[in-house]
Amino acid sequence: MSRAVRRRLHHGDVDRKEQNYFDASEYDGLDEPLLQNHAHYDMPAAKVTLEEVWNAEQQREQLHWTLLLTQLIAQWAQWIASSILGTRSLLGRLFPLTLSGPPVQTRKLLPPCLSPLQEERLRYLRHRLGVPYDGSLVEHQDALRQLWRLAFPDRELPSLKSEVWKDMGWQGSDPSTDFRGGGYVSLENLIFFAEKYPVSFQSLLHKKDGTRAEWEYPFAVAGVNISFMLAQMLDLQAGQPSTPAGIKFLELLAEDELAFDNLYCVAFQMMDVQWLAKRASYMQFNEVLNSTRSQLERELALDSVCRVKDLPAYSMLKG
């Protein structure tokens, strides 16, 4: 892993006046993404050896060619399956995923009839999505403290307003100001990720995999953005989802009450892989997030996916 300096981002680094990608004005808890483009940099001087540079380039080349080869194989298999054997053939089922190309259309479809169980779970999820983070509530304060203990079990718990919170990837000394984009559910998602998949959580938190950018995405705030993105992608602001991804999610919800939380973990892991594959830096975060959304939509469109665990990207998660 490269020893290049990874700069922590503060509130002053973010220009909140830039235009956002999504509109969730119908929600109290879900408002807008937080990571915005900005024009000013204070780039740190990275001190690396020639050997480290060479190793970093080798890792990048290996990742690039691996991704390219995977794309070519998947595209070739899909073409054969659709042209000769049909999309429902055995070969079509073995290689159903195209890793590049246009995103799945968000066309509206007729919503399916829901079972009482699906209706109950969807109603509860929509309630969760509508709850804003309230720093004055003891329950919310305790949840934030719980996240710290899960992230840094060997470190002292800081006060609710401390510069130390930036070590987790919050943009300032008061994490409560960063929840406006995702609400309380985004904190619940982070806690779920840390408890259910601690190895992956710690790996992403500490940026352990791959050759990292000098300006890395801030972990915690990226998590808030992913919660926001998922709610938009799954059409959960509607009375009942009617997009392909939203309807498929209703099927997953029937099998798993925590489908949204598990899908969040998949999306976070997938986003980091996209980040490394694109050799991205902070300014490209929204581009990577959009690419993650498109990839997740493609995986949800697979006929073989009946549970979150059936998603190809799920195999990347480590508990």
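Author: The expected span is 1.5 Å times one less than the number of residues, and helices are DSSP runs of H or I, at least four residues, numbered from the N terminus. This is a predicted model: local features need pLDDT of at least 70, side-chain atom pairs count only at pLDDT 80 or more, and totals for chains, interfaces and linings use all residues. Residues are numbered from 1 along each chain as its sequence is written, and side-chain values use heavy atoms, leaving out hydrogens and water.

Reader: Which residues are buried in helix 4?

Author: H140, Q141, A143, L144, L147, W148 and A151 are buried, where buried means under 20% relative accessible area, exposed over 50% and partly exposed in between (1.4 Å probe, protein chains only).

Reader: What do the buried residues of helix 4 pack against?

Author: They pack against helix 5 and helix 6, with contact meaning heavy atoms within 4.5 Å. The face turned away from the buried side carries the exposed residues V138 and E139.

Reader: Changing topic, how many disulfides are there?

Author: The count comes to zero, taking a disulfide as a pair of cysteine sulfur atoms within 2.5 Å. C113 is exposed, at 79% relative accessible area, and C306 is partly exposed, at 46%.

Terms used
Helix = DSSP H or I, 4+ residues; strand = E, 2+ residues; numbered from the N terminus.
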